[in-house]
Amino acid sequence: MPDHELSMLCSAAISETAGQLVRRLTGDDPQTEQLARLRVLAHLQFAVAQQSDQAAVDAVRSGAGYPQLGQAVGLTRQGARRRWPGLVTVRVDHAARAVQPFSPPTDRSR
C-alpha cells in the first residue's frame with residue numbers, strides 16, 4: 001500500500017477514535033467539545049509515541065538496524081540514530097572478524 005493511502009487511513013482512524021473519546025467526555029457545548037478533542041489528541045499523540053518507541057525496540061530485537069528503522073518511519077539512518085540514540089549498538093565478533101548488530105538482551109526470567 002502506498003504511503004499516501006496509509007496516511008489517509010491512519011488519519012481517518014485517528015479522527016474516528018478521537019471523536020468517539022470526545023463524545024464520552026463532553027455534552028453539547030462546542031467550546032468544551034473542541035478543547036476535549038485537543039486534549040484527546042494530545043493523549044493519543046503521547047500513546048502513539050510510546051508505542052512507536054516499543055515497536056523500534058522490538059524491531060531491533062528481531063535484527064533491524066538504524067537503516068531499517070529510519071526507512072520504516074521516513075528518516076535517514078542518521079535521523080533514526082538521533083531519534084533512538086543507543087538503541088542499536090554494534091559488537092565486534094572477533095572470531096569471525098565481522099561487525100554485527102547487537103540486540104539488547106531479553107529478560108528470560110519471566
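This is a predicted model: local features need pLDDT of at least 70, side-chain atom pairs count only at pLDDT 80 or more; totals for chains, interfaces and linings use all residues.
Residues are numbered from 1 along each chain as its sequence is written, and side-chain values use heavy atoms, leaving out hydrogens and water.

**Around Thr 26**
- Thr 26 sits in the loop between H1 and H2 (helices are DSSP runs of H or I with at least four residues, strands are runs of E with at least two, and both are numbered from the N terminus).
- Leaving aside neighbours within four places in sequence, Thr 26 is in contact with Thr 32, Glu 33 and Ala 36 (contact means heavy atoms within 4.5 Å).

**Overall layout**
- The protein has 4 helices and 2 strands, and from the N terminus on they run α-α-α-α-β-β.
- Of the 110 residues in the protein, 17% are buried.
- Among contacts between residues at least 6 apart in sequence, 28% join residues at least 24 apart.

**Nonpolar cores**
- The largest nonpolar core has 8 residues: Ala 56, Val 60, Tyr 66, Leu 69, Ala 80, Trp 84, Leu 87 and Val 88 (a nonpolar core is a set of buried Ala, Val, Leu, Ile, Met, Phe, Trp, Tyr and Cys residues joined through side-chain atoms within 4.5 Å).
- H2 and H3 each supply at least two residues of this core.
- Another core, of 5 residues, lies apart from it and includes Ala 18, Val 22, Ala 36 and Val 40.
- Not counting residues up to four places away in sequence, Ala 80 touches Tyr 66, Leu 69, Gly 70 and Leu 75.

**The largest pocket**
- About 360 Å³ of space lies in the largest pocket (a pocket is an open set of points on a 1 Å grid over the protein atoms alone, where a 1.4 Å probe fits, with protein on both sides within 12 Å along at least five of seven lines; its volume is the space filled by probe spheres set on the points, which are joined across faces, edges and corners).
- Among the residues lining the largest pocket are Ser 7, Cys 10, Gln 45, Val 73 and Arg 83 (lining residues have an atom within 4 Å of a point).
- H1 (3–25), H2 (30–61) and H3 (66–73) each supply at least two residues of that lining, and the largest share, 5 residues, comes from H1.

Notes: Buried means under 20% relative accessible area, exposed over 50%, partly exposed in between (1.4 Å probe, protein chains only).
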